[in-house]
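Please have a look at the structure first.

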Amino acid sequence: MGNRRARLERWRTPATLAAVALLLGLGFVAIERLTREIRFADVRAAIHGLSWAQIVAAVGFTAISYLALTLYDVLALRVIGRPLPWRTAALASFTSYTLSHNLGLALLTGGSARYRIYTAAGLDGPDVARVVGIASATFWTGIVTVAGAALLLRDSSITLAGVTLEPMVARLIGAAVLLAVGGLVLACAMARGPLRIWRFTLPLPGARAALAQIAIALLDTAAAAAALFVLIPHLGWAPLPAFVLAYALGIVVALVTHVPGGIGVFEAVVLAVVPGDRAAVFAALIAYRLVYYVLPLALGVALLALHEGRRQHQWPRLLRGSGALVGEVAPLVLAAASFSGGVMLLLSGSLPSLGQRVRALHALLPLPFIEASHIAASLVGTGLLLLAPGLYRRLDGAFVATRALLLAGAIFSLAKGIDYEEAAVCLALAALLQWTRGAFYRRTALTQAPLSGAWLTAIVAAVALAAWVGFFAYRRIPYDDDLWWRFALRADAPRFLRATLASAVLLAGVALWRLLGPARTIETPPADPVAVRRVLASAERTDAMLALTGDKRFLLSDDGRAMLMYQVRGASWIVMGDPIGATDMWDELLWRIRDLADRAQGRVLLYQVTGLVLDLAIGMGLQIVKYGEEAIVDLAAFRLELPRLRSVRKAERAAARKGAEFRIVPAAAVPVILDELATISDEWMRAKGHHEKGFSLGRFDPDYLRHFDMALVMVDDRIVAFANLWLTEGRQEASVDLMRHRADMPPGTMDFLFVHLIEWARERGYRRFSLGIAPLSGIAGRRLAPAWARAAALIFHHGERFYGFRGLRTYKEKYAPAWESRFIAAPRGLAMIKSLRDLSLLVGKPAARATRGSGIAARLPALPPRPVDTLFNLASS
């Protein structure tokens, strides 16, 4: 079952992308068949035939629709009990819908803008998710209600995709849909609590609020449909039900297929259902795309820039240096705008040029230069599509390249046909990029720019759209091989073929380049072994000795008085424990590692930190999760004869009666006994069925063990158990790391080892002894506790089958320790889950060294010798 689920998870994303690509292809096939008899000249004439009254009416209905969309969020905020001013909800809603309408991928585009604005207004992630869920439900309710009403009012049959519905059947379906909507309102009125989906709760609106949502959704859908309706000439009122039904079906199909922007799919459905002159309908659809989609997108970009400027609270400064607008929304908006600019250049290269302009241009430029500029403009458009994901991720390389391409696009647009409109758009986008250049600060090689499956789908869709538009425009021109080599002022079709081929070659080259390119690497500052050893000498906690395992990277403060140790796994930068050294430098170190991770497009996780770090972690925006508790023995108060240590005392004496002896081997002598210790370690690993772990634990590695004194339990001069000692040079704390034993050791051997170690450390002036961490210990799983706490408590109490959580806590409890909490600090939401997955892989599957001694543990100076009980003279033995 688990393997099947893993396979499904692995193939879910590729399958989804393949389905979207298939549906996109079917949409283009459908629209190709539906427009087969339409001439490009007829479409152009229909567009020019649109009156200003029609355009103004369409803009007016568009404004009403988007105004209604803002009320979706207003009502959703009231339903969840977090009302905000209308201007905040309107800004979030408007910018979100303009982005998602144009690019699709609603959670990635519109969801990001919504999250940015609402979290700045004080909402948390779950609240934003609830707003999105309620707003989506409102939208779908409106669409379904409109479709049901259109079916109910239909007085003729409906034929779509080869299926015909008679009028009576259509009316019955419409009535059933409307009854279902009424039942939904009734269910909301009778509900006595929120809707629970797993551990996610979604408040339900009351009957009045539900009716208000339906009314607003109807207003939105009616206005959006009217914006298209008024653009279709001579349609009349009789086919209105059919038109509304076609519009609703087009929206539903476009959203269900997840095709970016619904391009092609929406147009195909509307053309199939709406009666009348298909050339006029197609022209109206093109104009509708510009009025309802592109125009609000431009306005949304301006509003987002205004919102980021107001966050500065210093208008004079904003006017003097507007480049300070480096908010998180700017990269998303500029990525969408640059992507749209690329689509614009590709479409321009696929359409005939204006004859009067070309003749005027020919008087200034030779024909070869015009031909080359036409191909270059299409290549620039393709490049802008490829660079848009890099802008979204704030890559400085993508910023520089996009700015250069936009300037080149403006020049080539003028040089291929005096297309000053396109040149103006390119220059405006380049100026906007320059205005917000501070937002693109991540220094990453351009070959490592992320091109996810979703972005690739959008790019392929844009190029396919441009190619289809070209073939549609020149379908009346017979094809022959000479077309490729025809150069003339009015040879638009050959230019289209050459530009399309150039774009396809560029896309194929980029795909091959990325496929064969170098793997992603992360450069981090090198560590000076002497400086690391110097900081380690000032450590007050023994877990600092994990710096010697050889699987860490180090970040030192500028003055060399403090450091932190970390490792990178996937996109996660995992910091092990508290920073080490001067506490006044911890803040600098943690923010530096956060900045390094951010510039590398990664995320930071702080692992097993103490309460001393919590304030800093919260200030970094990380979520705090309790990991467990560390058992600390106060050595000044430890006395074996105390009544509460009775079980420990009994176990220690049992081992002593079997001849157990305690010895300490200094670090300098440890290499002599390593072979015997390795035999014990291998036997212990086989018996436990374990493999070596890393990062938060030491491993049996000679380069690591040579740094430490070794505690032994011997029976008849034979080693039966061992543990390497962690000791701070200031004698604040003592502890052990590796503890391994033979299968035939006497009962009570490990208690014997611990008791003698604790007494040994107390006699030498150490203040405390750490027994290590009990994971998931001390986490309350009460009913109102967070979900992670309830899950942790459940695993702690019932997970003995997988790991001895309770048994470990019970064993350490025998020594009457004080328990100190340890925490994990990680990004919120899905990023935390990904970080914990990377942490699990880092600890459970440590990377092996290429050669022995290649790690920093082999290069660090040895620990200074410490006084020991017994100098184990192995030479004489």
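This is a predicted model: local features need pLDDT of at least 70, side-chain atom pairs count only at pLDDT 80 or more; totals for chains, interfaces and linings use all residues.

Let me start with tyrosine 607, which has a relative accessible area of 5% and therefore counts as buried, since the cut-off for that term is under 20%. Tyrosine 627 is buried as well, with a relative accessible area of 17%.

Turning to aromatic pairs, the structure holds 13 of them. In one of these, tyrosine 66 and tyrosine 292 are 5.1 Å apart centre to centre, with 40 degrees between the planes, which makes the pair tilted. Because tyrosine 66 belongs to helix α3 and tyrosine 292 to helix α11, this pair ties together parts that are 226 residues apart in sequence. Both tyrosine 66 and tyrosine 292 are buried.

How do the rings of tyrosine 607 and tyrosine 627 meet? Their centres lie 5.3 Å apart and their planes are at 70 degrees, so this pair is edge-to-face. Tyrosine 607 sits in strand β9 and tyrosine 627 in strand β10, so here the parts tied together are 20 residues apart in sequence.

Coming back to tyrosine 66 and tyrosine 292, they form one aromatic cluster with Tyr288 and Tyr293, and over the face of tyrosine 293 lies arginine 289, at 4.6 Å from the ring centre. Elsewhere, arginine 809 places its charged end over the ring of tryptophan 819, 3.9 Å from the centre of that ring.

Notes. Residues are numbered from 1 along each chain as its sequence is written. Side-chain values use heavy atoms; hydrogens and water are left out. Rings of Phe, Tyr and Trp (its six-membered ring) pair if their centres lie within 6.5 Å; planes under 30 degrees apart count as stacked, over 60 as edge-to-face and the rest as tilted. Helices (H or I, at least four residues) and strands (E, at least two) are DSSP runs, numbered from the N terminus. Buried means under 20% relative accessible area, exposed over 50%, partly exposed in between (1.4 Å probe, protein chains only). A charge sits over a ring if NZ of Lys or CZ of Arg is within 6 Å of the ring centre and within 35 degrees of the ring normal.
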